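Subject: Structure handover

Hi,

Here is the structure I promised to pass on. Could you have a look at it before you read my notes?

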Amino acid sequence: MERIPERALEALQGVNLIIHAGDVNGEEAISELARIAPVEAVRGDHDRYLPGLPLSREVIVEGKRIVVVHGNRSRWLEEPQTLLWTLSLGYFRPHRKLPVALRRRFVSADAIVFGHTHTPHVQVLDGTLLFNPGGVHQWNPVTTSLRLRQRPGWFEWSWLQVARHMRIHIPPSVGILEVSASAIVPSVISLGERLGDRA
């Protein structure tokens with residue numbers, strides 16, 4: 001993506017803090033988000049141009065400890081799962097054990113916000129909220145065609161030839177956490193609908 005879609009920026013209007021769980025892709029994205037609210041971001045596996053971002057960070061909001069992490073693991077785990085996801089045309093859902101692994105890693109967190117899978121996820125495990133807001137960018141026939149026109153390298157070009165035939169398409173989304181001293185309430189906002197249609 002060349003820029004953050006207007007629908008995502010509109011969905012975030014009025015928030016007090018923006019948490020970005022990685023795959024930022026550029027300093028421009030952080031600057032654009034910072035016009036809405038302060039940004040706390042971590043580095044994702046596609047953020048090779050942002051080496052200054054930490055791999056994880058902790059944010060305290062209303063006394064609640066929120067850990068932010070992208071969630072990618074070693075290539076030995078990642079690459080085979082990505083290959084299976086691609087060859088299954090999106091039917092295989094990789095990284096199903098990622099929330100449990102993150103819960104084990106950050107035992108004293110009230111909430112763990114993670115990215116990487118680009119799939120919305122809301123789960124409370126042993127009293128900790130595990131929240132993935134999904135992703136603003138999702139692979140589908142349109143985004144795949146756009147990327148192919150940008151002349152990617154050979155390996156990515158080969159992957160996109162398979163990915164453009166995927167049958168499972170997750171709509172783009174962002175998430176909102178309403179945090180108070182007594183609770184953390186998550187919601188996922190689909191960007192595939194008009195924002196005025198939200199309940």
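This is a predicted model: local features need pLDDT of at least 70, side-chain atom pairs count only at pLDDT 80 or more; totals for chains, interfaces and linings use all residues.

Residues are numbered from 1 along each chain as its sequence is written, and side-chain values use heavy atoms, with hydrogens and water left out.

**The sheet**

There is an open sheet of 5 strands with mixed pairing, in the order β3-β4-β5-β7-β6. Strands here are DSSP runs of E with at least two residues, helices are runs of H or I with at least four, and both are numbered from the N terminus; two strands pair if DSSP finds at least two bridges between them. β3 (56-61) and β6 (121-125) are the edge strands, each with a single partner, so one side of each has no neighbour in the sheet. On average, neighbouring strands are turned by 20° against each other, direction ignored. For angles, axes are lines fitted to C-alpha atoms (for helices over the stretch in contact), and values run from 0 to 180 degrees between N-to-C directions.

Helix α4 (98-105) lies across β3, β4 (64-69), β5 (111-114), β6 and β7, at about 130° to β5.

**Strand β7**

β7 pairs with β6 in the antiparallel sense over 5 bridges and with β5 in the parallel sense over 3 bridges.

Thr-128 has a relative accessible area of 2%. Leaving aside neighbours within four places in sequence, its contacts (heavy atoms within 4.5 Å) include Arg-103, Asp-110 and Ile-112.

**The core**

The largest nonpolar core has 19 residues, and Ile-4, Ile-18, Val-24, Leu-33, Leu-53 and Val-174 have the most contacts inside it. Such a core is a set of buried Ala, Val, Leu, Ile, Met, Phe, Trp, Tyr and Cys residues joined through side-chain atoms within 4.5 Å. α1 (6-11), α2 (27-34) and β8 (173-179) each supply at least two of its residues. Not counting residues up to four places away in sequence, Ile-4 touches Leu-9, Ala-29, Glu-32 and Leu-33.

Cheers

Notes
Buried means under 20% relative accessible area, exposed over 50%, partly exposed in between (1.4 Å probe, protein chains only).
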